[in-house]
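Here is a short report on one protein model.

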Amino acid sequence: MNTVIPELSPRDEIEHDPRIWHFAFHGIPDLPELLFQPNIPLHFGYFYDVISDKSQGVTEAVRQRYVKSYAAPILLRQGFEFYRSFDAEMKDNTAAQQTLETAILYLRGEQEIGDLVAYLKGFWAAGINKAEASRVKGAGHFCPDEQLASTWTAISRFIEERFSSNNQERTKHE
């Protein structure tokens, strides 16, 4: 959901977008922890304010839940390790590229930057043949936090349409 996948297009375009400056910065060992540990609410708040849907946003209660979740230094470090793992993940994804016939849904908020078709083309080029994409209305980057019901509706609809017993029976006979 709403993130770039290492080694899949449009990763290069995303990395060079100045609005995504934090990918490189968060990948620096130790520095983000040093700067942000005493300022977690300010750091997270920046992202909530900039990349969430401006009309909905992320509530103060949700913000505090995330701040509390990352309050321990080891937990904050683990959050930044997501960015630090990109190079290894790119190598793994490149080595493991094979056709995948499992249906996947890629969700992004309607206010979030990024062309869904570009992401789909990246999935398809990597052999993920049944990739589909959808936008969550009224959401930016934080779909579940901004529009939980709409996010779950999109996921439920996708699952129901592809994996319900009626569809499985129909697929067996086709």
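Contact means heavy atoms within 4.5 Å. Gly114 sits in the loop between β1 (104-109) and α8 (116-125). Helices (H or I, at least four residues) and strands (E, at least two) are DSSP runs, numbered from the N terminus.

Gly114 counts as partly exposed because its relative accessibility is 32%. The classes are buried (under 20% relative accessible area), exposed (over 50%) and partly exposed in between, with a 1.4 Å probe and protein chains only. The C-alpha atoms of Gly114 and Ile14 are separated by 8.2 Å, while the two residues are 100 apart along the chain.

## Basis and confidence

This is a predicted model: local features need pLDDT of at least 70, side-chain atom pairs count only at pLDDT 80 or more, and totals for chains, interfaces and linings use all residues. Residues are numbered from 1 along each chain as its sequence is written, and side-chain values use heavy atoms, with hydrogens and water left out.

pLDDT is the predictor's confidence in each residue, from 0 to 100. The protein averages 85, and 89% of the residues score at least 70. Among the elements, helix α5 (residues 60-69) has the highest mean pLDDT, 95. Helix α11 (residues 165-173) has the lowest, 52. Over residues 170-174 pLDDT stays under 50, and the model has 0 contacts there beyond four places in sequence.

## Overall fold

The protein has 11 helices and 2 strands. Their order along the sequence is α-α-α-α-α-α-α-β-α-β-α-α-α. Of contacts between residues at least 6 apart in sequence, 73% join residues at least 24 apart. Of the 174 residues, 37% count as buried.

## A buried loop residue

Gln147 lies in the loop between α9 (143-146) and α10 (148-163). Gln147 counts as buried because its relative accessibility is 18%. Not counting residues up to four places away in sequence, Gln147 touches Gln56, Val136, Lys137, Gly138 and Ala139.

## Surface

The accessible surface comes to about 10,600 Å², with 57% belonging to carbon and sulfur atoms. Accessible areas come from the Shrake-Rupley method with a 1.4 Å probe; for residues, only the protein chains shown count as cover.

Leu31 is found in helix α3 (residues 31-36). At 31% relative accessibility, Leu31 counts as partly exposed.
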